[in-house]
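This report covers an annotated site and a pair of packed helices. The chain is shown first.

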Amino acid sequence: RIAVLGSTNMDLVAYVKTAPRRGETVTGHDFRTIPGGKGANQAVAAARAGADVALIGAVGTDEFGVRLRAALDGSGVDTDLVRTTEGPSGTAHIVVDADGGNAIVVIPGANASVTHLGPGDEALIAGAESLLLQLELPMDTVVEGAKAARRHGVRTVLTPSPVQPLPPELLAATDLLVANEHEAAALTGIDDPKAASRALLELVPEVVVTLGARGSLYAARGQDPVAVPAPEVTAVDTTGAGDTFVGALAVALGEGRAMPQALAWASDAAALSVQRPGAVAAMPYRKEIDAAAAE
Ligand code: ADP
């Protein structure tokens, strides 16, 4: 089983030709509400990749909360420990322009109410193979979750997004850090991903730096960073590629695969996701990942 301690957001996406400037009103041509949030996305990715997954988090008492929970349930994610807290759900207000550029406002809403682990949360974490963490819940809660996992010998996988300084206590309780190249550079002040991965190894024992179409780098203490290639595919939408990668990686590791094999399988999963539009909508199911991996 995989536990995820993380956010759920409703993405409210407005599609326009040119984003409005301050004081300006523009007419767009499309609008969608899409369940998201990094916690929910990683949970769905892992569930589709074949694991038994439970999410710890919160939705609000608004209609988005009902839809977010239903979307998670429908993807097979256990939501028994997702609380419903008075007030709005987390929302991401996204304006996408004709060039595919975006501007985003995130309002944490119910996610901000997860200020502590609740009853049952620690037991769930204790019984899991891995705990997946991101930074869209209050930092203190992320730290508390990582420490609980550490107490029970559960592997912690941290995605440092949105990127921000990481408290030493969190780093001390992190087994595997999975950062994209921008996050790796922001955390270390080093632009070269290989050098950044080496610097991150001084903070945590294992590091993956994802490099988009260029694949990823795996670094562990005492060995040189290893390049993991990405399958060559035609990308139509890379939203959620990182979350798909992390979800699939956790599933493979939980099944006892060695890191190189687990990384290759996660790369196959992420490559499938970029060939389809959407984040959660594009996440592949186990059968598809296995088929791609067998090619
Ligand atoms: P994020 O989505 O967090 O920004 P990346 O863009 O680095 O992360 O993508 C995560 C992983 O998804 C990559 O390491 C790679 O395995 C896969 N991926 C992303 N973009 C592509 C692509 N264009 N072709 C193939 N694989 C991709």
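Asn-41 sits in helix H1, where helices (H or I, at least four residues) and strands (E, at least two) are DSSP runs numbered from the N terminus. The model is predicted: local features need pLDDT of at least 70, side-chain atom pairs count only at pLDDT 80 or more, and totals for chains, interfaces and linings use all residues. Residues are numbered from 1 along each chain as its sequence is written.

A UniProt "binding site" annotation, from an unreviewed entry, includes Gly-37, Asn-41, Glu-136 and Asp-243; such annotations may be inferred rather than shown by experiment. Gly-37 lies in the loop between strand E3 (30–36) and helix H1 (38–48).

The table gives burial for two of these residues; a residue is buried if 20 or more other C-beta atoms, placed from the backbone, lie within 10 Å of its own, exposed if 12 or fewer, and partly exposed in between.

| Residue | Other C-beta atoms within 10 Å | State |
|---|---|---|
| Gly-37 | 32 atoms within 10 Å | buried |
| Asn-41 | 28 atoms within 10 Å | buried |

Contacts are C-beta atoms, placed from the backbone, within 7 Å. Not counting residues up to four places away in sequence, Gly-37 touches Gly-6, Ser-7, Thr-8, Asn-9, Gly-90 and Glu-136. With that exclusion, Asn-41 touches Gly-36, Gly-240, Asp-243, Ala-279 and Val-280.

Helix H8 (residues 241–254) and helix H9 (residues 259–274) have axes that come within 8 Å and cross at roughly 145°; axes are lines fitted to C-alpha atoms over the stretch in contact, with angles from 0 to 180 degrees between N-to-C directions. Residues meeting across this pair include Phe-245 and Leu-249 in H8, and Trp-265 and Ala-269 in H9.

Definitions and conventions:
Contact = placed C-beta atoms within 7 Å.
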